[in-house]
Amino acid sequence: MSSDNKNKTFNRDGRRPGKGSAEFRSRDSAPAKPGFAARAAATKILAAVIDRKTPLDGMLDAEGGNPAYKALGDSDRALVRAILNSALRHLPRIETAISSLLDAPLPEGARALHHVLVVGAAQMLYLDVPDHSAVDLAVEQANRDPRNRRFAKLVNAILRRIGREKQVILEQVASVPAMPAWFLSRLEAAYGAEAAIKISDTQLEPAAIDLTVKSDAEGWAKRLNGVVLPTGGVRLAAFEGSIPSLEGFEDGEWWVQDAAASIPAKLFGSLAGKRVVDLCAAPGGKTAQLVLAGGKVTALDQSANRLKRLSSNLARLGLEAETVVADMSKYQPEELFDAALLDAPCSSTGTTRRHPDVLWTKGPEDIAKLAALQERLLRHALTLVKPGGVVVFSNCSLDPEEGEDLVARLLADTDGVERVPIDPVDWPGLEAAISPLGAFRTAPDMLPLAGDFASGLDGFFAAVLRRTH
């Protein structure tokens with residue numbers, strides 16, 4: 001069974017035990033087989049991600065998501081998420097496997113057929129769904145779709161071969177990079193071929209659950225069967241149950257935050273007696289860190305709804321911050337701040353373990369647009385702090401165009417701003433993440449851990465800049 005879905009067990013019809021689902025019923029046919037609606041939903045959503053570049057999170061939202069997904073019961077929703085995560089993480093390998101079994105390429109425009117095959121193959125190669133269930137329901141999908149009906153026998157033949165030759169196929173595609181070629185080439189240019197493949201392979205592993213604790217990391221690691229990380233947070237071992245059920249959640253002693261995401265706020269050190277603004281603040285994990293560091297914090301976001309969520313999160317933690325709804329690019333405070341944190345909107349290419357759709361919904365043009373936006377925001381952020389004030393700039397992109405290149409360009413053409421190098425000595429265990437120029441650059445293949453603890457962390461960039469006058 002794939003590491004994507006450890007401890008996920010499905011029924012004979014491919015659904016996880018639990019509540020039933022709303023099954024698909026066509027206008028002129030008998031009710032579909034159990035499990036059909038989940039496969040149909042997964043196929044529709046996969047098509048939206050790959051062909052229309054629609055972000056996955058929005059489609060899987062319980063309230064505003066894809067109608068086919070919302071119509072499902074809890075167990076079928078879990079299956080849809082498992083299928084989509086596996087399909088998107090392994091897409092180049094799945095497509096290679098399917099192509100190797102075709103006598104000729106699929107007809108031009110046969111995208112619906114392609115997605116049916118990918119959904120079927122993802123279940124058979126990377127999930128513990130019974131092969132016969134995946135094949136049977138994929139064939140039914142083909143038969144119920146006028147575009148694919150004539151290919152039903154082909155679907156049956158291809159997927160049955162995958163079932164018979166599964167181990168051989170998995171071995172054959174194991175060397176196929178799991179990332180799309182456009183992004184892998186950018187990683188190779190930035191980090192070298194060997195590092196690029198390591199990063200690519202790491203995205204196939206499930207993301208860890210990391211906690212930022214208010215205090216006593218060692219104590220919480222013992223209570224929650226975790227381990228203390230070099231960032232000062234706690235990583236949990238694999239466990240059954242929900243996060244809110246864990247000790248300390250209701251009391252607001254900790255919150256979930258990837259280890260890399262916790263680094264930028266720590267770069268300020270003590271903020272006692274200082275006024276600090278958290279720009280693009282929601283959902284509030286970094287805001288909470290700034291408050292705990294002693295700062296008088298203003299949390300700014302252009303979304304009122306996101307700030308409501310931030311306030312709710314802070315309330316659980318017993319922390320307070322001023323909130324301001326504003327477009328930060330136009331924000332002008334009455335008094336300049338001592339410090340500012342800009343965790344900028346970015347391509348999110350460092351978060352593919354959690355968001356495997358990212359590399360299929362974005363391209364080079366998106367990275368260029370986002371880098372230009374980040375540069376405008378950073379230049380404005382520097383005007384919000386007093387002379388001597390510090391700005392920490394960060395994002396969760398792996399691409400230097402959104403990090404190293406951007407900061408270098410700003411420093412080269414801007415008077416009154418200097419870099420404050422980060423000292424590796426201050427970050428034992430993460431020295432390799434500090435660049436020669438003193439910026440943070442984490443990658444998903446860093447932070448190896450043993451035993452029951454997942455390795456890795458999100459890819460992040462962070463630099464500290466000071467306004468000199």
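Q: In which strand does Asp210 lie?
A: In this predicted model, Asp210 lies in strand E1, which spans residues 210-213.

Q: Why is Asp210 called buried?
A: The relative accessible area of Asp210 is 2%. Buried means under 20%, and Asp210 is therefore classed as buried.

Q: What makes the pair formed by the side chain of Asp210 and the backbone nitrogen of Ala259 a polar contact?
A: A polar atom of the Asp210 side chain lies 2.9 Å from the backbone nitrogen of Ala259. The cut-off for a pair of N or O atoms is 3.5 Å, so the distance of 2.9 Å falls within it.

Q: Which residues is Asp210 in contact with, leaving aside its neighbours within four places in sequence?
A: Asp210 is in contact with Leu229, Val234, Arg235, Trp255, Val256, Gln257, Asp258 and Ala259.

Q: How many aromatic pairs does the count give?
A: The count comes to 4 aromatic pairs. One of them is formed by Trp427 and Phe440.

Q: Why is the pair of Trp427 and Phe440 called edge-to-face?
A: The ring centres lie 5.0 Å apart, and the angle between the planes is 90°. Centres must lie within 6.5 Å and planes over 60 degrees apart count as edge-to-face, so the pair receives that name.

Q: Where in the chain do Trp427 and Phe440 lie?
A: Trp427 is in the loop between strand E10 (417-419) and strand E11 (440-442), while Phe440 is in strand E11, 13 residues apart. Both residues are buried.

Q: What makes Arg316 a charge over the ring of Phe249?
A: Arg316 lies over the face of Phe249, at 4.0 Å from the ring centre.

Definitions and conventions: Residues numbered from 1 in each chain as written. Predicted model: local features only at pLDDT ≥ 70, side-chain atom pairs only at ≥ 80, totals over all residues. Heavy atoms only, no water. Helix = DSSP H or I, 4+ residues; strand = E, 2+ residues; numbered from the N terminus. Buried < 20%, exposed > 50% of the residue type's maximum accessible area, 1.4 Å probe, protein only. Polar contact = N/O pair within 3.5 Å; in protein donor to acceptor, adjacent residues only side chain to side chain. Contact = heavy atoms within 4.5 Å. Phe/Tyr/Trp six-rings, centres within 6.5 Å; stacked < 30°, edge-to-face > 60°. Lys NZ or Arg CZ within 6 Å of the ring centre and 35° of its normal.
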